[in-house]
Amino acid sequence: MTEKTDVRQGTLALMVLKTLEAMGPLHGYGLARRIEQTGGDRLSVNYGTLYPALLKLEQEGFISAKWGVSDNNRRAKYYSLTRAGMKQLDNEARQWARTTAIMARFFVPSGETS
Amino acid sequence: MRAMRAFVSRLRGLADKERKDRELAEELESHLQMHIEENLRSGMTPEQARRDALLKSGGLEPAKEACRDRRGLPMLETAIRDLRHAARLLRRSPTFTAVTVLTLALGIGANTAIFTLLDQLMLRLLPVRNPEQLVMIWATGPHLGNAQRSRSSSYPLYQDFQHRTQVFSHVFCRFETALAVSIANQTERVAGELISGNYFQALGVGPAVGRVFSPEEDDRVYKGHPVVVLSHQYWVTRFGADPSVVGKKILVNNYPMVIVGVSAAGFSGLDPSRSPQIRVPIQMKPLMTPAFDDMGERRSQWIHIFARLKPGYTARLAQASLEPLFSQILRAELAEPALRNVSRYNRDRFLARKVLVELAANGYSEMRRNYSTALVVLMGMVGLVLLIACFNVASLLIARAAARRKEVAVRLAMGASRGQLARQLLVESLFLSAAGGAMGLVLSVAIIRGLLSFLPADGRLLTLRAEPDWRILAFNVGLALLTGLLFGLAPALQAVRVDLLSALKDAAGAVAGSTSSVRLRKSLVTAQVAFSFLLLAGAGLFVKTLANLKQTNPGFRDIDNLITFQIDPALSGYSLPRLRAFYRQALENIRALPGVKSAGYALVPVLSGIEWDSFMNVEGHQMKDGENMSAFMNGISPGYWQTMGVPLLEGRDFDDRDEGDHTVVAIVNRKFARHFFGDRSPIGRHIGTGRELDIEIVGLAEDSLYEGPREGVRRQVFVPFVQMDFPNPVSFYVRTSAGSEAMFAGLRRKVQELDPAMPIYQMKTLENQLDERLSTERLVATLSAAFGALATVLAAIGLYGVTALAVARRTREIGLRMALGAPRGAVLWMVLKEALDLLGIGLAVGIPCAYLLSRYVSSQLFGVAPTDSGTAAIAAAILAAVAAGAGLLPARRASSIDPIQALRHE
């Protein structure tokens, strides 16, 4: 059985934005599910992490929320990306790529760094 | 930006909390249900599905809590909760709250008021370019001529400084005088300033409209610059800020002049307490002051000289460089005909005159000189009041914290964190300080208004404003907050370090607090007593001074039914003969008015601080070196003595016989006669202002006051007004049978029947005049009495608090003593003694301090020594009575303690 890791603070926001960009409006459960799937089921997204993160993104104006009805007729709050959110995603994604690239250089086998 | 948006949204989150909570619960529930449904679809049993979903959720409640923290502003919320709690607690002890807040409010309000006035009058820099470079130039010692006002100089001296010095970038001068301005047949009296052409340039003040004067255009031709610059304030109030006034013609003292501009907004002049409404080039002097010219007269001191230092020069350096030039000028002046016959003694004194260069970054104000000592004294007093107030608050807070030891212990035992408790206590004291500060602001406005109303009525020209200064208010509130913090925090820290067990067990100890806090409170109270003594003793001195001044016999009878007013026909262009005729006619018309008993007029208004003195030669008297030969002069009309109620002791009053353009007769007062003639009659003797003894004394009058009660009776010489050859302004005096105020309109009408455009000013009773003359003394006496009373009340509260605490602390001990047979009286005395001991120590500190400080107030006193022991005794007696009263209440409570109850008392 693979060990599941909790999502790191800060990365979840980026995952939410990216997921919303890819999937369009989603409710909390859908988002959690989708993120876990994308992470190859090695991530666990519990409520205590997800909902405060959603609230923060909403407060910052990157996503907006609206009540709607789910496929199986259940009332649910749907989150979608705002224009500011798209820009933010763009920035964050670039930032992330740069960071991982730099980090990667530290972890390549020695001798190849020079 | 992002943080800002989040903050706003979180602020909004504070509102509508319940709805948000409900929505979140619903959202989480729907999430959970969806999870369960999916688990069911994947084949789990309902039981399993639910369990799995809940497990993965990580718990609903923690999620809700996390969101709640995220939603609002938790810090703010706890702060609000603490504030609410504090307000609730304070409401529960209304006396404590009211006393604390009121104490602080009075301290802060009085302080802000006094300091605001002080700042406006003394500390604020002029709104001009580089005010720190401005200096005033004046000289000490006898000028051997006549002087218009203190620190004044002659115009030729100004010219010397302007042309023969190198240390100044500008030397400029000014002269303040009342002017009559006529616009469209409306004449009004305004405050005017005659200025050198470089005045605006030197100050770096530009025009708001039009232009200001320049040395090239406005300071070249004697009598040749009929131009006017309006002050911004006058332009706004009189002309509605109409820019088209530039180029307009107006009459100034009946002379046609042109408005060329308006000076910049915010600039009112070099005297922070006054603001001239129009400015005229000094070359127009003879036309603006019809009674005298003196532009070229070295013996006439009338202008104030100012200068701007060149960069790099200090006032001291400038003064040193001016000294050789000044002594050269003095020697040259001595060689002039006017001073040829001066005695050796006066020569030496004249040559010893010193020129002074003094920084004038905040201008120069006579009023400042008159009031500054008083204001500084008041400032010291009000500072003490604030200190006492803060001490009181400190003492109250300490007592409260001590009384709450048990409550604190209970809350700690129930699991409140020490940090939370300390924060709570702190919030409480800050709350008190803030409330005190807010009330203090309101009070300060009222107090400043009250203070301004003490100033004489011609204070209309004053630029002092009644708005409390924000910096000063902030300082005072800061001080109050600091007090709250310090004395709220110390007990708070002490309280949370409480040893739970002992505090819960020992209720009596909990009331009394620790020994160190008791000692602190005692020293605070002792300091309060000492300060109160200072304030009370000071107040006693000032009240006595005022009473002495008011009780000084003015020499004038029944000054309540004596009306005075001033007119200045020369400002309306009257020639000398026309002016004399006007006065005679006005006097006749007024005497015909029903209710008027008699009337007269005088050149120098009495009891107004104005003086005219003149050197006087006396028949048969050989002047000794250093003997003051000056007599205080006045020019009066027939009927003056009868009107003023001053008896003529010998000889006759002036009448129609006394005519012509030369003074040939005089009336002297008793003090003059006694000095020069001893017991012999002065009638028929001769005196003279020059070498000739050309004036015959025809009358002897009883003594009366001249400038005011503080200056006392002067050696006086009265001459007939009509024999003076200047078109002088006069003060009329009218004795009425009753109801002075009702006569004002009638008198006005009588004068204006003669000339409807004649401005009449300063109409009041002589009683009012005396009150105005004593305005500083009244201000100081009233305020210091108020401060003293306030301080005493605060000290009483402090004393009571400490003594009451001591009784509570010693209840068991007292019970034991009484059980062992101590009489009630002994117990009463034991407690009372505690209060009296504090009083004794306080006085022991206060009395020497008062003695040391007394010399700083001596200049403000009249008829009472600064170390007056009677006043000190009264102050000490008041405090003793207050201390006894404050001690007696708890003492009686102690003596009525039931021993049985007390021994059971926990």
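The dialogue below works through how to read the chains, cores, helix packing and interface of this predicted model.

Me: Which conventions should I keep in mind before I start?
Reply: Residues are numbered from 1 along each chain as its sequence is written, and chains are lettered from A and ligands numbered from 1 in the order in which they are written. Since this is a predicted model, local features need pLDDT of at least 70 and side-chain atom pairs count only at pLDDT 80 or more, while totals for chains, interfaces and linings use all residues.

Me: Which residues touch the most other members of the largest nonpolar core?
Reply: In soluble globular proteins, nonpolar side chains tend to be buried together. A nonpolar core is a set of buried Ala, Val, Leu, Ile, Met, Phe, Trp, Tyr and Cys residues joined through C-beta atoms within 7 Å. The largest one has 223 residues, and B:Val385 and B:Phe533 touch the most other members; its largest share, 22 residues, comes from helix α14 (residues 366-403) of chain B. Apart from this core lies another, of 27 residues, among them A:Leu12 and A:Tyr51.

Me: What does B:Phe533 touch?
Reply: Two residues are in contact if their C-beta atoms, placed from the backbone, lie within 7 Å. Not counting residues up to four places away in sequence, B:Phe533 touches, among others, B:Leu843, B:Ile847 and B:Leu879.

Me: How do α26(B) and α29(B) pack?
Reply: Axes are lines fitted to C-alpha atoms, for helices over the stretch in contact, and angles run from 0 to 180 degrees between N-to-C directions. Angles under 35 degrees count as roughly parallel, over 145 as roughly antiparallel, 65 to 115 as roughly perpendicular and the rest as oblique. Helix α26 (residues 775-809) of chain B packs against helix α29 (residues 869-895) of chain B at about 30°, with axes 9 Å apart, which means that α26(B) is roughly parallel to α29(B). B:Leu799 and B:Tyr800 are among the α26(B) residues in this contact, and the α29(B) side includes B:Leu879. By class, the contact of α26(B) with α29(B) has 14 nonpolar, four polar and one charged residues, where Ala, Val, Leu, Ile, Met, Phe, Trp, Tyr, Cys and Pro count as nonpolar, Asp, Glu, Lys and Arg as charged, and the others, Gly among them, as polar.

Me: How do α21(B) and α24(B) pack?
Reply: Helix α21 (residues 576-591) of chain B and helix α24 (residues 740-754) of chain B pack at about 140°, with their axes 9 Å apart, so α21(B) is oblique to α24(B).

Me: Which element gives the largest share of the side of chain A that touches chain B?
Reply: In this interface, 19 residues of chain A are in contact with 24 residues of chain B. The largest share of the chain A side, eight residues, comes from α3(A), and that side divides into six nonpolar, eight polar and five charged residues.

Technical notes:
Helix = DSSP H or I, 4+ residues; strand = E, 2+ residues; numbered from the N terminus. Buried ≥ 20, exposed ≤ 12 C-beta atoms within 10 Å, placed from the backbone.
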